[in-house]
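User: I would like to go through this model with you, one topic at a time. Could you take my questions as they come?

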Amino acid sequence: MNRRALITGVSGQDGSHLAELLLSKGYEVHGLIRRSSSISTTRLDGIYQGPEVAGRSFVLHYGDLTDGQSLARLVADIQPDEVYNLGAQSHVAVSFEIPEFTFDVTGQGALRLLEAVRNHAPAARFYQASSSEMFGSAPPPQNEQTAFHPRSPYAVAKVAAHYATQNYREAYGLFACAGILFNHEGERRGETFVTQKIARGAARIGQGRQSELLLGNLDARRDWGHAVDYVHAMWLMLRADAPDDYVIATGEAHSVREFCQLAFARVGLDWERYVKVDERYLRPSEVDHLCGDSTKARTALGWQPDVSFEQLVHRMVDAQLENES
Ligand code: NAP
Ligand code: GDD
């Protein structure tokens, strides 16, 4: 029997890569999408199957993490073997503008989904998309033992969801895992995250379509990997013998400045001539330095990343050059 998975956030960067991975492994994949006034499923174009396809293995359902009843009904109807909670208001800077909404979707949304699983599919394996942002100002290297010090409404919500996942594992025996993933990017990254903003800016400036790029804190350091490597880790966690929490990271940190340097060099330009700091992109409280220690996942799950920092930057810039051509 094919395994059946439900993915929230399927239209996002990770959700689209995870759906592809699970389909390639023979899963029947169900994805939750929000209704929007324009098409929001472009990342799923390659795998979309319309309602007219008989016996389709990829099905999209309308729902919302703020609507507990829709989640309960979907889980009850689908009876998934695996549930991946990737849905979130995932932009840290935006979470300072809309903190209540962020907490509702990113924090309470996870609790609603855990309740739906507990009540309607208690044997399902559950994955929660926890985040290195939860470590906040805790000094690197960060691992599963590092105390959280969240620095944004988004991070506070993720900490709540993380603890809810652990609590449902302990209280109700759910096979619930939290993956504490460090930043992961790629060709499908949203345009307002710093890596894609830089990749797009470098490509456009290289093509003479843009004259400068406005950024915020250039000193922030992140442990950047590629999303395809990271969704593989999610799947491995739910294949383990017992539920647990894992840090997923490359173990290498680079600054925003270094990202700019490599991205602009890819199009033959000196970044310092084009990048300007604009205070509007600074955050009320910043996370300065994230660098993960993923020894546990590498040892217990056999996980390791394949894409290097330089390859990541080059792939993102090259994809933007193709987009713009
Ligand atoms: P993303 O591209 O921003 O995707 C977020 C997804 O959540 C989208 O499909 C979005 O739908 C959906 N969503 C937003 N609000 C929702 C709601 N109210 N109900 C249902 N779905 C909703 O994020 P990502 O980079 O793929 O990240 C996936 C998950 O991992 C997120 O939970 C994120 O917080 C977490 N995470 C990401 C990273 C990273 O570096 N990428 C690191 C650690 C953790 P629309 O398409 O309709 O907006
Ligand atoms: N977005 C953005 N835009 N960030 C900028 C800019 C800018 O113009 N200029 C500098 N930065 C800095 C931010 O201040 C931050 O320190 C760093 O670049 C990375 O910002 P983002 O790319 O927005 O990512 P993030 O680290 O805040 O959050 C991402 O990673 C988390 C995991 O650590 C998101 O994907 C979160 O959802 C995820 O949990």
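Predicted model: local features only at pLDDT ≥ 70, side-chain atom pairs only at ≥ 80, totals over all residues.

User: Is Q89 buried or exposed?

Analyst: Q89 is buried, because its relative accessible area is 11%, and the cut-off for buried is under 20%.

User: And how far is Q89 from F101 in space?

Analyst: The C-alpha atoms of Q89 and F101 are 8.0 Å apart, and the two residues are twelve residues apart in sequence.

User: Let us turn to aromatic contacts. How many aromatic pairs are there in the whole structure?

Analyst: The search of the whole structure gives ten aromatic pairs. One of them joins Y168 and Y172 in an edge-to-face arrangement, with 4.9 Å from centre to centre and 65° between the planes.

User: Where do Y168 and Y172 lie?

Analyst: Both belong to helix α5 (residues 153–172), and they are four residues apart, which is about one turn of the helix. Their surroundings can be described separately. Y168 is buried, at 7% relative accessible area, whereas Y172 is partly exposed, at 42%.

User: What about F259 and F309; what kind of pair do they form?

Analyst: F259 and F309 form an edge-to-face pair, at 5.8 Å centre to centre and with 75° between the planes. F259 is in helix α8 (residues 256–266) and F309 is in helix α10 (residues 309–324), so this pair ties together parts that are 50 residues apart in sequence. Both F259 and F309 are buried.

User: Which residues form an aromatic cluster?

Analyst: F135, F148, Y163 and F182 form one aromatic cluster.

User: Which charged side chains lie over the face of a ring?

Analyst: K25 lies over the face of W235, 4.1 Å from the ring centre. R125 lies over the face of F175, at 3.8 Å from the ring centre.

User: Now the second largest pocket. How much space lies in it?

Analyst: The second largest pocket holds about 220 Å³ of space. Its lining is made up of 15 residues, and I33, T41, Y48, L60 and Y62 lie nearest the centre.

User: Where does the largest share of that lining come from, and how does the lining divide by class?

Analyst: Strand β3 (residues 58–62) supplies the largest share of the lining, namely three residues. By class, the lining has six nonpolar, six polar and three charged residues.

User: A word on the backbone, please. Where is there a cis peptide bond?

Analyst: P140 and P141 are joined by a cis peptide bond, with omega about -5°. P141 lies in the loop between β5 and α5. Most residues other than glycine have a negative phi, and most peptide bonds are trans.

User: What is phi of Q79?

Analyst: Phi of Q79 is near 50°, a positive value in a residue other than glycine. Q79 is in the loop between α2 (68–78) and β4 (82–85), and it counts as partly exposed at 38% relative accessibility.

User: Finally, the loop between α9 and α10. Where do G302 and S308 stand in terms of accessibility?

Analyst: G302 lies in the loop between α9 (295–300) and α10, and S308 has its place in the loop between α9 and α10. G302 counts as exposed at 54% relative accessibility, while S308 counts as partly exposed at 33%.

Methods. Residues numbered from 1 in each chain as written. Chains lettered and ligands numbered in written order. Heavy atoms only, no water. Phe/Tyr/Trp six-rings, centres within 6.5 Å; stacked < 30°, edge-to-face > 60°. Helix = DSSP H or I, 4+ residues; strand = E, 2+ residues; numbered from the N terminus. Buried < 20%, exposed > 50% of the residue type's maximum accessible area, 1.4 Å probe, protein only. Lys NZ or Arg CZ within 6 Å of the ring centre and 35° of its normal. 1 Å grid on protein atoms, 1.4 Å probe; cavity = no way out; pocket = protein on both sides within 12 Å on 5 of 7 lines; lining within 4 Å. Points joined across faces, edges and corners; volume = space filled by probe spheres on them. Nonpolar A, V, L, I, M, F, W, Y, C, P; charged D, E, K, R; others polar.
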